[in-house]
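Student: Please take me through the terms used to describe this model, setting each value against its definition.

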Amino acid sequence: MWQKLRETSLLPEFPSIESLRHSAPAIVGCCVAAWVVRAAWRKHAFDQKLSKKRDQLQASMNTLRQQLYEYPLSLTTREYILGLSLTDLQHKLQTGDLKAIDVLRAYQSRALEVDEKCNCVVEPILEAEEWAVLCDSKTDPKGPLHGIPVSIKENIEIEGYDCTGGMEYYIHKPATQDAVVIQVLKRQGAIPFMRTNVPQTMYSYGCSNPIYGVTTHPKDPARSPSGSSGGEGAILGAGGSICGLGTDIGGSVRVPAQMCGVCALKPTRGRLSAEGHFTVNPGQTLVQGVVGPMAQDVEGLVRFTEALMAPEMFALDPQVVPIPFRKEMYESTQPLKIGFYTWDGNIRPVPATIRAVHVAKTALEKMGHKVVSFSPPRTSCVFPSLFVGPMTGDRCQSVRERMVRDYVDQSLKLVYVACALPKWVVSLISRALLPLDPVLGKSFQKFTGVKSVYDWFKVADRIQKYRKEFLEHWNKQDLDAVICPVYPCPAVVLKSAGRLTAGGSYCALYNVLRYSAGSVPVTTVTEADVQEVADPEVYPATTLLEKLTKQGSKGSQGLPVSVQCVCLPYHEEQVLRVMRDVERGLST
């Protein structure tokens, strides 16, 4: 029957096995050639897209330079403006002693200088000049941030601008409206004027990506300002901005603030609006990011935060808890009972970090507070299980599916490769790492992801139970606040920034707990600190990550070191009060 069908051409004539055997090499060759051509075409298309984006950014920079050239500001006026604190600048803009356009030009020109040095700006916000002119024409009551220029992290949406997170996938997909925090800033009279750099995917404590390049530390180009709000840390630390907005899911405003010697606040989720805060994994809700204000000093941070916690925000985003800034909590003189600790059981802190906590302890005692030792429960388990676990629960699939054609940045390679490897390979590597570095081994194991929704629920349950356990320890000592390290060491060298993710354990703990926390500069690294790190009796460096920390501490003298100030959820004003008292105690 089959033969008859073939003879009547109802079935095709199939090639013989012998003919297939002879033509197989040609078929394989054609397939390989097609794959190579397709890959080359995709790379060309990607490079063209990247080139077009970079040309657009450069054109914006050139436009701003032309504006500054056509309307120059005298050097004397510029240096006078740049020398003012946010509080003094705010006063002079309110009284009309300074014009918003002059203040804007002073900070625009300074930001461009800083960007030449450390590549922290991704693009200027060209509408800023129009907004400044509008501010100067106002005759009605001025907002509390009238004329104050504010730098903005790249992943906070501004209408007409891309939020890429350093990823090619999001190029040429501009935001259709401002984030709620941007709308509030504008209503309060502030002028968003620069957008700042981030690490690719924002899953790193480095600050580099294939679109905008590498941001370096304002004091040492061989080091990183950290991340993911690294561009903000750098521009503030170098005086190119007076206040700014970052975001924080595991220390992303507090760690760059320490590295660059500025102040930052991580509020409780729901205290400031997260609407329009771009994230690469929005479905992950166990540990959520927040928008965090940053400033050059505590008083400036207070003024900035107070202006954000306004009725305008509550009206624009009903998910925000309608608690306005409570001055009575911030201005209280009631002595507090404050706990302190120097090591969380993960990466051992270097001597400068330990000394910073003790310096802050002494400063707070001078201000009349009682400071006692505090041992938070099981902190060595929190970072791998309750932070890395939720962050990589989908094996970073949300990220990887958007990076199919993208270049993988150096700072992201460890995380990206770990999520791309077969699970059994990850498990083998994890077991091999455990005796060498328990923190790294346990964290690596979490890159296998969760197996089911049931397992995801179990992670959520463990987080809830840990929050209860931690609060019981807190209440047992009747604490009002805690001070501790921000990160185990000062700014690290560029090549180590993406490898020391576990250093974020000191901050990530309070993202898991949803506590309010801030970062305030306390001291700088001394020559004696550097010598002590090199001494194996003082800093034994028994794990792989501690050895990396030790190596990166060479030549770190002069770099800033901060402490982290922590309070219960929705106690941001008390966090700021503790930060203020640390700052004041240091000067007495």
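Tutor: Contact means heavy atoms within 4.5 Å. The model is predicted: local features need pLDDT of at least 70 and side-chain atom pairs pLDDT 80 or more, while totals for chains, interfaces and linings use all residues. Residues are numbered from 1 along each chain as its sequence is written, and side-chain values use heavy atoms, with hydrogens and water left out.

Student: Which residues does Thr305 touch on that criterion?

Tutor: Leaving aside residues up to four places away in sequence, Thr305 touches Leu265, Pro293, Phe325 and Leu576.

Student: Why is Thr305 called buried?

Tutor: Buried means under 20% relative accessible area, exposed over 50%, and partly exposed in between (1.4 Å probe, protein chains only). The relative accessible area of Thr305 is 0%, so Thr305 is buried.

Student: What makes the pairing of Thr305 with Leu301 a polar contact?

Tutor: A polar contact is a pair of N or O atoms within 3.5 Å; within protein, one must be able to donate a hydrogen and the other to accept it, and residues adjacent in sequence count only if both atoms are side-chain atoms. A polar atom of the Thr305 side chain lies 2.7 Å from the backbone oxygen of Leu301. Thr305 itself belongs to helix H10, residues 298–308; helices (H or I, at least four residues) and strands (E, at least two) are DSSP runs, numbered from the N terminus.

Student: Pro293 is one of the residues that Thr305 touches. Which residue is its bridge partner?

Tutor: The partner of Pro293, in S8, is Leu245. Strand S6 (residues 243–248) and strand S8 (residues 290–295) run antiparallel and are joined by six bridges. Two strands pair if DSSP finds at least two bridges between them. Cys243 stands opposite Ala295 in S8.

Student: How do you know that S2 and S6 pair?

Tutor: Two bridges join S2 to S6, which run parallel. In this pair, Ile152 stands opposite Leu245.

Student: What makes S6 a covered strand?

Tutor: Six of its six residues are buried. Cys243, Leu245 and Thr247 lie on one side of S6, with Gly244, Gly246 and Asp248 on the other, and both faces are covered.

Student: Is Trp474 buried or exposed?

Tutor: Trp474 has a relative accessible area of 0% and is therefore buried. Trp474 lies in helix H19 (residues 453–476), and the residues it touches beyond four places in sequence include Phe374, Tyr515 and Val566. Trp474 and Pro376 are 98 residues apart in sequence and 7.9 Å apart in space, C-alpha to C-alpha.

Student: What sets Asp478 apart in its backbone, and is Asp478 buried or exposed?

Tutor: Although Asp478 is not a glycine, its phi is positive, about 55°. Asp478 is in the loop between H19 and strand S11 (481–485); its relative accessible area of 55% makes Asp478 exposed. Ala541, also not a glycine, has a positive phi of about 50°, but its relative accessible area is 7%, so Ala541 is buried.

Student: Why is the chain called as compact as a globular protein of its length?

Tutor: The chain has 23 helices and 13 strands. Its radius of gyration is 26 Å, close to the 25 Å that the globule rule gives for 588 residues, so the chain is as compact as a globular protein of that length. This radius is taken over C-alpha atoms, and the rule is 2.2 Å times the number of residues to the power 0.38. Buried residues make up 56% of the 588.
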